[in-house]
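The structure I consulted comes first.

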Amino acid sequence: MVDEILTIVLDGAIYASWLFIVALGLTFVFGVLKILNIAHGGIYALGAYSTATLVPIFYSLGMPEQLVILAMLVSALAVAIVITPIMERGILRRFYGQDEVLIVLVTYAIYLVLEDVQKLIWGMNSLYVSEPRELLGALEFGSLYYVGYDLALIGLAIFCGLFLWFVLNKTQSGKIVLAVIHNPEISGCMGVNINKVYLAAFFIGAFLAALAGSFTAPLISVQVGISVAVVIESFAVVIIGGLGSIPGAVIGALIIGMARAACVHKLPEAEIFIMYFCMAGMLIFKPKGLFQGAQARKI
Amino acid sequence: MSEKLYNNLLFQSIFLMSFLILVGLLIPNWLVFVITKAIAYGLVGLGIITLMRGGLVSFGQGFVFGIGGYTAGLLGTQAGLTDAMLLLFISFLFTGLVGLIIAPLLARYRDIFFAMLSLAFSMVLYGILIKIDAIGGSDGFVLPESTYFGIKPSSEYADYVLYVVAIIMTGFISILLRYYYDSTPGLIALAVRENELRVEYLGSSAFNVAVLNFTIAAGLGGMGGALNGIALGHIDPEFTYWTTSGEFVFISILAGYLSVPAVFLAALLLELVRSFSGRYFPDTWQLILGLFLILSIIFIPSGIGSFFKQFFDRLKKSK
Amino acid sequence: MNFFRQCLILTSSFLISLLTFVGISNADGHKGFKLGVVTFLSGPAAEPFGVPAWNGGKLFIKLLNEGKAPAPYNKIGFGGMKITAIPIDESGGATKQVQEFRNLVQRDKVDAVLGYVSSGDCMAIPSVADELKALTVLYDCGTPRVFEDASYKYVFRTAAHAAMDNIAIAKYLIEKGHDISSIAGINQNYAWGKDSWKDFSVSVKKLSPSSEIKNELFPKIFSGQYGTEISALMNSKAKVVHSSLWGGDLQSFILQAKPRGLFKRTQVVFSAGDHVMPGLGNKYPEGVILGARGQYGMMAPDTALNKWFYKSYMDEYGVFPAQPPYRMVQGLMGLKMAIEKAMETNGGKKPNKDEIAAAFKGLEFDSPGGLVQMRLGDGHQAIQPHAIGKTAKDKDGNITVTDIVRYKASCVNPPNGIKAVDWINAGFPGADC
């Protein structure tokens with residue numbers, strides 16, 4: 001019994017960490033730019049693809065195995081560096097100040113374009129990079145084996161969350177971002193370069209999306225179509241936690257992750273529905289999510 | 001006197017409708033079908049436009065589209081009701097009713113939150129539909145062939161008959177909507193769009209406007225879903241998926257909120273672009289569709305309807 | 001006069017644009033055979049099924065048009081008519097496919113449509129096909145219900161339905177003496193996964209009534225994360241784990257389960273497990289029992305026709321063909337044979353769809369995967385022989401399939417007129433093994 005609860009908690013935590021990493025960038029970009037970036041899923045897929053391309057090159061150069069994490073970080077960074085100017089500077093910037101829903105639609109269009117761009121660059125064959133996953137070995141819990149890499153994902157999620165929280169709350173540039181979140185117009189009047197803040201925030205969001213992709217790549221076969229599910233799941237996390245809230249994303253990911261793990265072990269018929277069930281419950285009782293504070297209305 | 005008649009909305013609409021019905025006899029069958037489908041999508045877009053006039057955009061019209069489609073489909077398969085006009089009308093009423101029930105939940109929210117919450121509702125419905133195996137789960141189900149006043153048209157004319165029915169029903173709904181838009185509550189919606197708080201200080205309820213508009217939008221969306229289901233003869237949970245909802249938003253943004261006919265034109269345009277890019281570029285149709293969306297948003301930000309309005313305004317001035 | 005002038009401008013511009021579109025679509029008049037091919041070209045089902053299937057189809061069509069296929073497929077194209085294929089993407093759901101189908105038939109005026117991987121599409125298309133009187137060949141999808149719940153005049157399926165895959169695996173497990181005292185399953189939560197699990201679990205129960213069902217998991221399709229499911233399967237300690245996962249889901253499941261020792265601890269069976277082998281290569285686990293939905297790929301029979309096809313595909317694409325290209329080629333072969341049979345009786349002119357449909361009914365033809373017989377659904381649904389095998393490393397350390405057992409078509413397929421589920425429940429009456 002205790003064994004089973006432990007398994008559920010561990011499985012739930014692994015899944016929740018994955019969800020959190022995937023959703024963090026989405027909620028952060030929404031918080032700062034007020035853009036619900038549907039193309040987030042597309043950037044995730046690009047991250048996975050670029051890792052699947054770079055890591056084999058990394059091995060072929062004969063670099064030490066332990067540094068493969070570095071290659072994964074670099075590939076995520078590369079995606080963010082390429083995609084941010086194109087998306088934020090090139091396209092999204094034209095729509096600031098216009099209807100937010102218009103921007104959602106634009107990101108949807110970009111999502112469609114990215115789907116085919118993946119196909120044009122990498123073709124239709126699936127790519128595999130399972131090597132990094134063998135790096136950390138396996139651990140035994142009760143009667144089960146867990147892969148070290150999967151457990152390390154929990155650490156990565158905690159690190160990403162804490163790091164972003166620390167930057168936002170404890171550094172000067174973070175506080176500027178908070179000011180822009182609170183009121184872009186007034187921060188602009190106080191001399192904050194809002195365009196720069198937006199660019200930086202979008203960059204961080206894109207990096208987190210690509211990072212999620214590159215750390216998921218060893219778990220899956222990287223191929224066309226991996227982004228669809230990500231859009232929905234990260235969206236569900238963000239709805240449950242409240243749009244734009246980092247603690248909200250933590251709680252949202254934990255709720256879905258744990259509920260799903262409990263379902264798979266104890267009530268498998270309900271698994272497919274549980275995510276939507278959590279979302280529906282939240283919508284009825286707290287439609288703005290758990291961590292959405294009161295907002296002043298402007299006249 | 002005659003000048004007045006020409007400018008009469010009813011006259012114009014009936015003229016346009018009879019023209020389209022005649023055109024339907026001349027154009028090939030596939031185009032008749034594409035136009036019928038564009039009308040179905042246009043109806044949903046019209047619903048979003050009704051909301052847009054009050055400053056709201058729903059990113060989850062797949063919700064009502066699906067309810068309308070499934071209502072028509074279930075009435076057809078379970079209750080044996082196959083009269084297309086009756087199905088369209090019942091779907092309209094029923095989905096409107098559902099809209100009225102959930103509208104108060106949504107009407108408190110604005111902007112992106114409204115969009116997101118409506119999207120979330122559509123996804124919950126999607127989750128439920130793929131789970132119910134009795135109605136086909138993720139596969140959906142086939143609708144019985146529809147009848148009109150108890151008569152089943154032969155298969156060569158089935159498409160055309162539905163096209164005529166769609167044009168007539170949609171035509172009259174569009175006329176009613178135009179009257180609604182120009183009525184007091186319809187104009188208050190425009191004021192809410194401009195500044196909600198001031199409207200409330202003046203004694204009108206923005207909440208009520210949102211509820212009313214959402215209900216209308218739901219009814220229209222439901223009718224669109226039913227028409228789409230009847231035309232295709234098949235329904236599946238994809239009706240409620242977020243990508244479907246995205247297309248509706250695109251139609252209404254491409255059309256703009258100024259003109260009713262522009263919505264149907266936008267729907268037809270999207271349908272043709274999608275279908276031809278799928279036909280000639282089967283590997284990269286998403287890229288083409290995406291670029292088409294981005295470019296049309298960049299270059300016609302206020303929609304095709306704004307062209308119409310400019311055009312008519314200029315004509316009036318030149319007179 | 002304002003209003004009329006407005007109307008005139010609007011409608012004429014509208015008509016001009018319409019005529020342009022119509023002009024584009026009708027521009028290519030032709031004499032050969034126009035074939036609409038519908039298969040996944042985007043989305044998660046493209047890489048495992050749609051694209052390899054179309055690769056096989058494209059290659060075979062090219063060889064047919066050049067007259068380079070071996071007998072009895074050595075006539076150019078279909079009965080001397082060159083084949084023009086129009087590929088269409090299958091993604092977007094059944095409703096969208098109904099529309100694409102109508103476009104192919106009404107706008108492009110294709111002579112036949114070959115397509116459909118997804119069972120949902122196969123359920124939706126036939127009624128439209130009959131309504132439009134359009135000849136349609138379903139080449140891949142699995143659901144038995146297409147011809148069990150209804151009958152169609154112009155629709156044919158040239159591959160066996162999914163019941164065979166799971167019945168044969170259950171038989172294999174028993175014949176080879178595997179311990180099936182307890183079974184568990186992980187299948188996608190939609191018609192294909194649920195039907196597969198039902199066919200398998202009921203077959204096992206019929207053949208070994210004492211076996212116990214431990215765990216039935218139905219994860220969401222395309223979820224890609226199976227950590228929790230793997231824990232649950234391993235905790236259940238079932239002797240056999242069955243799965244009908246496919247494509248990216250199957251690849252992800254294998255990649256995630258392998259380091260956790262699932263394949264070492266339990267006998268895993270994949271009812272459609274071969275099509276990810278070309279991609280995964282030696283990452284594919286050993287000791288897995290798998291089917292290929294027919295005698296395809298590594299389990300194909302040793303015939304001249306198969307050797308020719310295997311080699312042509314290998315030479316063109318550098319990987320061996322798994323089930324998808326086999327199945328599409330099988331569909332093309334069936335269509336070709338039906339057309340040529342119809343031409344024998346009508347004096348050699350291009351047959352109409354009624355003539356082709358009449359010839360197709362009850363047709364038998366040789367394919368690389370063995371003899372295909374249009375036996376079920378009153379001659380509209382094929383049955384074919386099947387093979388089940390087990391993965392192992394060969395002497396060079398490459399993954400291959402050994403211990404292959406072949407099953408006659410009539411051994412693992414129900415007779416005409418009996419539903420697959422009823423046949424299994426009745427304990428396979430009249431099976432000819």
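I took contact to mean heavy atoms within 4.5 Å. On that basis I found 45 residues of chain A in contact with 46 residues of chain B.

I noted that this is a predicted model, in which local features need pLDDT of at least 70 and side-chain atom pairs count only at pLDDT 80 or more, while totals for chains, interfaces and linings use all residues. Residues are numbered from 1 along each chain as its sequence is written, and side-chain values use heavy atoms, with hydrogens and water left out.

I then looked up the buried area (the accessible area, 1.4 Å probe, that two parts lose on being put together, summed over both). Between chain A and chain B it is about 4,200 Å², and carbon and sulfur atoms give 81% of this. V101(A), L105(A) and Y108(A) supply 14% of the area that chain A buries against chain B, more than any other three residues.

I searched the interface of chain A and chain B for salt bridges (a side-chain nitrogen of Lys or Arg within 4 Å of a carboxyl oxygen of Asp or Glu). The rule finds 0.

I next asked which helix gives the most to the side of chain A that touches chain B. Helix 4 of chain A does, with 17 residues; helices are DSSP runs (H or I, at least four residues), and strands likewise (E, at least two), numbered from the N terminus.

Conventions: Chains lettered and ligands numbered in written order.
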